Amino acid sequence: MRKILLSFFMTAFCCMGFAGNIAVGYSNGEVTESSNYTIKGKGKVSAAVYVTPELFARYAGNEVRGIRAGLCSVKYCDSLVVWVKESLDGDNVAGGIMKRGDAVSPKAGWNEVMLDAPYALQEGKGFYIGFTYCQRYQDATVSVVGAPIPNTSFLKRGPVAEWEDISDAGVVSLEMLIGGDNMPQVDLKANASMGSKEAAGVMSVVTTITNNGQKDAADYDLTFSADGYNYVYKASTVIASGQTAQVTSILYDVPDAVGLDTPLTVTISRVGEGEDAYPADNAVVVGVKVQRNVLIEEFTGTGCGWCPRGLVGMDKMHDKYGLKFVGIGIHGYNSTDPMYPQYKNIGLNSAPSCLVDRDYETDPYYGSDNIDICHDVDAEMAKGSMVAVDVKGEYNEDKTEVNITATIRPYATVSGASIGFVLTADGLTGTSSSWKQSNYYTQYSASQLPPDLAQFGAGGEKGTSTFAWVYNDVAIASYKEGSNWEMSLGSLTQNESRTVTATLKMPTKQILLDAIIYEKVAANVFVLNSSGKAINAARSYVTIADGIKDVNAQPKADLREVARYTLDGRMITAPQKGVNIVRLSDGSTIKVNVR
């Protein structure tokens, strides 16, 4: 009997097959779109996986009724034969066929083929499932996915060729369709669980659960437990028979050490549909990571004609991710830009371009996949972090400085760390020509551009050589001590919180100062590792120490109104009935009751 190392690697992914049968295999329902496994010209290619007794142990006494074969391409595939063998070079003990031109023909993706006669699952007895396809021309069809599982995946290139063990490349996309009279009615399995510490005492946990039973699961509890902590979450995510789902739970009052120093376990503790047939796989340890906010530093400027796409990309991230997006627009392209900053040279020379977490450069609209910058942000957030960062900013009395306090909570030791401090402003705009954004997109018609860029094309709302814009996430001040643009932190010791402070001066350039809305200035911090990459970041809007004056307070005679807002923060261009918030030229605000 061959020995297979499956305790860590093996995953049984299930989904519904024909007539309520459950699909079981190693490939987690994945099929690739491309493959290197083929032969030249006409011929037959076979692929197989070895089914260990452990994989189907809970279904022993039932039967394999069909095979799911995942194919990359069927352009030149004339027939697909599925089979069950008890040895790779032995005869088929069960089989089925699907041909081109049949009512159901082979297709790219999953193909479900029922066996002419079922194959009985016998406890402790392994076997092979596979498929053979006949091609009339070279066609790479065999899908190999996921992590390698030793001695499970095999390939045969031609009818007289030897079987090759291709397990080092992954697993072949093959699954059994299992059914029978002895299938478990209620059987939930906790596959994996990952938690993210989003704030003090709050944790978001995503648990992957497979329903291996015949009944849909709609009423079940997840119990999260650690030393001194217990939390029961009543799940509302319906998991159909044979399906896998990700269930998100929000936990409250979570002690800082839980999930990090103290292991956290999630258990499917109650299933309303009946008693779970296999409760032994109802619990997993929750892996925990700290919420990762993403630092995006964009190089841009009003004189850059291609930068409108960067403005759109940055605003999209700003709106989508809120404070989890630590965006810093560096208007360094042209010195005539009213927002031209004093900022560290981080190696960006072309505009628009951006650095993601001080790790790599990409386009702030298209991103690294040339589709969407948000895909980069999502990928960075998914990494999590082992360092939590909080930030608070507060103006001094006359709003000429901002005192920034950052609290750093490391859940792992980090050597050679440093921290950067930056003030950014939202809602900046002006009427002079220096505020106008250059635009090269007028050489295209609006219909030629993506929907969110169409406004800049000829015929679009802003389809002129320059246009007015309201700029967000603009860097207006940053920390610098001598030649250092970041403050050294030295080593961060696991579970030892650190609080650091910095005071940044507000800009004094009048054209910029006149545009600043003090309620929309944000304090941003980012922690760097010894390689200079950001391992987490944080943002919060600066607190106005003296608050907002009473309704009907009268401004001094030498002050002028520079902006007006509704109570919910919307900028308005004229007085609106009700209470308006008016910002004055000295940066103060008053409430005015408009009748």
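**Note on the predicted structure**

1. Helix 1 is mostly covered, with eleven of its 14 residues buried. The structure discussed here is a predicted model.

2. Which residues of helix 1 are buried? They are P308, R309, G310, L311, V312, G313, M314, D315, M317, H318 and Y321. The elements that cover them include strand 21 (294-299), strand 22 (325-330) and helix 2 (373-383). Strand 28 (437-438), strand 29 (466-467) and strand 34 (534-541) are also among the covering elements. Just after helix 1 comes G322, which takes a positive phi of about 60 degrees.

3. The next point concerns the cysteines. A disulfide is a covalent bond between the sulfur atoms of two cysteines. A search of the whole structure finds one disulfide. C304 and C307 form this bond, and their sulfur atoms lie 2.2 Å apart. The torsion about the S-S bond of C304 and C307 is about 90 degrees, and the disulfide is therefore right-handed. Both partners may be checked against the cut-off for burial, which is a relative accessible area under 20%. C304 has a relative accessible area of 2% and is therefore buried. C307 is at 0% relative accessibility, so C307 also counts as buried.

4. C72 is buried, because its relative accessible area is 9%. C374 is likewise in no disulfide, the nearest cysteine sulfur being that of C354, 11 Å away. With a relative accessible area of 2%, C374 is buried.

5. Strands of a sheet pair through backbone hydrogen bonds, either parallel or antiparallel. In this sheet the order is 5-4-7-2-9-10, and the pairing is antiparallel. The edge strands, strand 5 (92-99) and strand 10 (164-165), each pair on one side only. Within the sheet, strand 2 (residues 43-51) and strand 7 (residues 127-135) run antiparallel and are joined by nine bridges. In this pairing, V49 stands opposite I129 of strand 7.

6. Is G179 buried or exposed? Its relative accessibility is 4%, so G179 counts as buried. This residue lies in strand 12 (residues 174-179). Leaving aside neighbours within four places in sequence, G179 is in contact with N21, N62, E63 and R65. By contrast, the C-alpha atoms of G179 and M506 are separated by 70 Å, and these two residues are 327 residues apart along the chain.

7. Finally, the chain may be considered as a whole. The protein chain has three helices and 38 strands. Its C-alpha trace spans about 95 × 60 × 55 Å along the principal axes. Of the 595 residues in the protein chain, 52% are buried. Among contacts between residues at least 6 apart in sequence, 71% join residues at least 24 apart. The protein chain exposes about 26,100 Å², of which carbon and sulfur atoms supply 49%.

Note on methods:
Residues numbered from 1 in each chain as written. Predicted model: local features only at pLDDT ≥ 70, side-chain atom pairs only at ≥ 80, totals over all residues. Heavy atoms only, no water. Buried < 20%, exposed > 50% of the residue type's maximum accessible area, 1.4 Å probe, protein only. Helix = DSSP H or I, 4+ residues; strand = E, 2+ residues; numbered from the N terminus. Contact = heavy atoms within 4.5 Å. Disulfide = S-S within 2.5 Å. Pairing = 2+ DSSP bridges. Areas by Shrake-Rupley, 256 points an atom, 1.4 Å probe, with all protein chains shown as cover.
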